[in-house]
Amino acid sequence: MTADRGPGTGMPPPLRVLPRRGARRWRTAGAVVVAVLVAAILHSLWVNPRLDKQVVLNYLFRDLTLSGLAVTLYLTVLAMLFGIVGGTLLAVMRISKNRVLSTCANLYLWVFRGTPVLIQIIFWGYLGALYPRFDLGIPFTDVVFASVSTDILMTPMVAALLALGLNEAAYASEIVRAGILGVDRGQIEAASSLGMNTGQTLRRVILPQAMRSIIPPMGNEAITMLKTTALVSVIAGKDLLTNLQQVYSQNFQVIPLLIVASIWYMAVTSVLTLFQAFLERRYGRGTADVGSRGTAGRLFGIARWKGLKNA
Amino acid sequence: MPDTTPAMRAEGVHKSYGDLHVLRGVDMDVHAGQVVCLIGPSGSGKSTFLRCVNHLETVDAGRLLVFGEPVGYREERGVLRELPNREICRRRSEIGMVFQRFNLFSHMTAIENLVEAPIRVLKRDKEQAFEEARELLDRVGLSGKEHCYPSALSGGQQQRVAIARSLAMRPKLMLFDEPTSALDPELVGEVLAVMRDLAESGMTMIVVTHEIGFAREVADVVSFMDHGLIVESGPGEQVLGNPEHARTREFISKVLA
């Protein structure tokens, strides 16, 4: 831009633009204060003899920790997949003109948002107490083709997955519904006028545009889910936090072990945050500014220096 | 006009939204190759009528035939039965529609907007659809903009992409719903030029517009609509230059003032 200005081009030379007076000084001062405070807190932890760093290091990569982490990741990923697919289905049912479909979806939301997820986990975990056997047959007759004990089907992992997935579907459906409602009605009319049917319009036109507003709250859901998986301890699930709690109930190293857990939760959250940023860029096509923030900005919420200058 | 099935025929079309009687018995014939401009004050029902033609709105009473077939319905022993969605989609795919606010798919580039429906709805060959889309963009003066997203195009360019998107379906009838009303004044001309070309190529068009100049120059028939009725209909010079009805005269004198 500046190349075709200045002497000899007939254009006046570009003006130099300086930041607001004092802006840089305040920014620098603020950064120094924050840096000093953070350093002070970290230092106080580092030199604190009551925080046994050796315990943290010892347990950070223990099999027990890693296997717990694997369970936590497995539950988070599968429950979220389950929740997103189920939630999309529920959202479409809710906005459907078919009253049977919308009523079913409303009923589902009423039950699964109306009860605490903890109770739902216990319910699925102890389903055998309510229904000892599962029979496949003709209802209201004695005809039974197959029968299996509930305890064989409902292992803690299956129960945990079912509970978290079904619960997540209820919450995810509202996020998807909000996303769909946010798409301009004109888009639907344009698709209709081109002869696209409801399914094509949904898949090709509405959902891709709804994704832009679905992704940020869905990222929230995934990060919340990561930590909600710890609730499966009530049905003998062996997730990260539960495994480490068992250790500290024996050796009383509560804080070091919770730090181990926190380190891993934060590491996974960071990965999820980056994945979210990737998805936002992917679905932000056709819109102006989507991701002017770099990796560090994504993680810590600070804008890149260049971004700040342009803002 | 040779005696053939009209491209569009409306007989006593009524439409209400609750207590609001928007269309109160609209009669209209549009023959193949004709350009009909529908003018009238806002709220007169022009846009609603246009949206009924491709079943974006349903009709409460009366008949609306496109190429001799009722839109969205089938006549069965004296009653109208709503068609299955598949049939409605097939009939809509033969009618192109251009909207006031363009309604381009904002997550697709210009060329992706053009090929989407031909590939998905008409199951056309992909390569052929892209080839044809490039030709259409060239025809509306937008070659080189194939890979631009709508947000990077001006209003006039977006509307021209929207026209090309409709043409990509090879429609037999084109509906324009105030295609230049959302444009900056200096961009109106480029869209009208594309529409004029289209009219000259023999396309059957129904145009709801406030562009009196365009109507006078291009339309075979100008229809003036007020309060849900066609008040006056005829050649442009007559309806616009020497209107019979007082209401038409009043409207035209205001628009041209």
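Two residues are in contact when their heavy atoms lie within 4.5 Å. Keep that in mind while reading this predicted model. In chain A, take the contacts with a separation of 6 or more: residues 24 or more positions apart account for 66% of them. In chain B the corresponding share is 65%.

Start with the overall build of chain A. It has 14 helices and two strands. Its radius of gyration is 27 Å, whereas a compact globule of 311 residues would have one near 19 Å. The box around its C-alpha atoms shows the outline: roughly 100 × 70 × 30 Å along the principal axes. Of the 311 residues in chain A, 36% are buried. The chain exposes about 19600 Å², and carbon and sulfur atoms supply 66% of that area. Now look at charge. Chain A carries 30 positive and 14 negative side chains. The centres of these two sets lie 16 Å apart.

Chain B has another make-up. Here there are nine helices and 12 strands. The radius of gyration is 18 Å, close to the 18 Å that the globule rule gives for 257 residues, so chain B is as compact as a globular protein of that length. Its C-alpha atoms fill a box of roughly 50 × 50 × 40 Å. Buried residues make up 55% of the 257 residues in chain B. Its accessible surface comes to about 11500 Å², with 46% belonging to carbon and sulfur atoms. Chain B has 30 positive and 37 negative charges, and their mean positions are 5 Å apart.

Next, find the place where the chains meet. On one side are 20 residues of chain A, in contact with 26 residues of chain B. Together the two chains bury about 2000 Å². Carbon and sulfur atoms account for 54% of that buried area. Which three residues supply more than any other three of the area that chain A buries against chain B? They are Ser193(A), Leu194(A) and Arg204(A), with 31%.

Ser193(A) leads us to helix H9 of chain A, which spans residues 185-193. This helix is mostly covered, with seven of its nine residues buried. Among them are Gly186(A), Gln187(A) and Glu189(A). Ala190(A), Ala191(A), Ser192(A) and Ser193(A) are buried as well. What do the buried residues of H9(A) pack against? Within chain A, the partner is helix H10 (198-228). From chain B come helix H1 (46-53), helix H2 (85-92), strand E8 (95-98) and helix H5 (155-167). After H9(A) comes Gly195(A), with a positive phi near 85 degrees.

Leu69(A) is found in helix H3, residues 63-95. Is Leu69(A) buried or exposed? Buried means under 20% relative accessible area. Leu69(A) has 10% relative accessibility, so it counts as buried. Leave aside its neighbours within four places in sequence. Leu69(A) is then in contact with Leu240(A), Trp264(A) and Val268(A). Lys238(A) is 169 residues away from Leu69(A) in sequence, yet their C-alpha atoms are 9.0 Å apart in space.

Some loops of chain A deserve a look too. Pro116(A) is found between helix H4 (99-114) and helix H5 (117-125) of chain A. Its relative accessible area is 44%, so Pro116(A) is partly exposed. Asn167(A) sits 51 residues from Pro116(A) along the chain, but their C-alpha atoms are separated by 9.2 Å. Phe252(A) is not a glycine, and its phi is positive, near 60 degrees. Exposed means over 50% relative accessible area. Phe252(A) has 67%, so it is exposed.

Finish with a loop of chain B. Arg170(B) lies between H5 and strand E9 (173-177) of that chain. Although Arg170(B) is not a glycine, it has a positive phi of about 50 degrees. With a relative accessible area of 47%, Arg170(B) is partly exposed.

Terms used
Residues are numbered from 1 along each chain as its sequence is written. Chains are lettered from A and ligands numbered from 1 in the order in which they are written. This is a predicted model: local features need pLDDT of at least 70, side-chain atom pairs count only at pLDDT 80 or more; totals for chains, interfaces and linings use all residues. Side-chain values use heavy atoms; hydrogens and water are left out. Helices (H or I, at least four residues) and strands (E, at least two) are DSSP runs, numbered from the N terminus. The radius of gyration is taken over C-alpha atoms; the globule rule is 2.2 Å times the number of residues to the power 0.38. Buried means under 20% relative accessible area, exposed over 50%, partly exposed in between (1.4 Å probe, protein chains only). Accessible areas come from the Shrake-Rupley method with a 1.4 Å probe; for residues, only the protein chains shown count as cover. Lys and Arg count as positive and Asp and Glu as negative; His and the chain ends are not counted. The place of a charge is taken as NZ of Lys, CZ of Arg, CG of Asp or CD of Glu. Buried area is the accessible area (1.4 Å probe) that two parts lose on being put together, summed over both.
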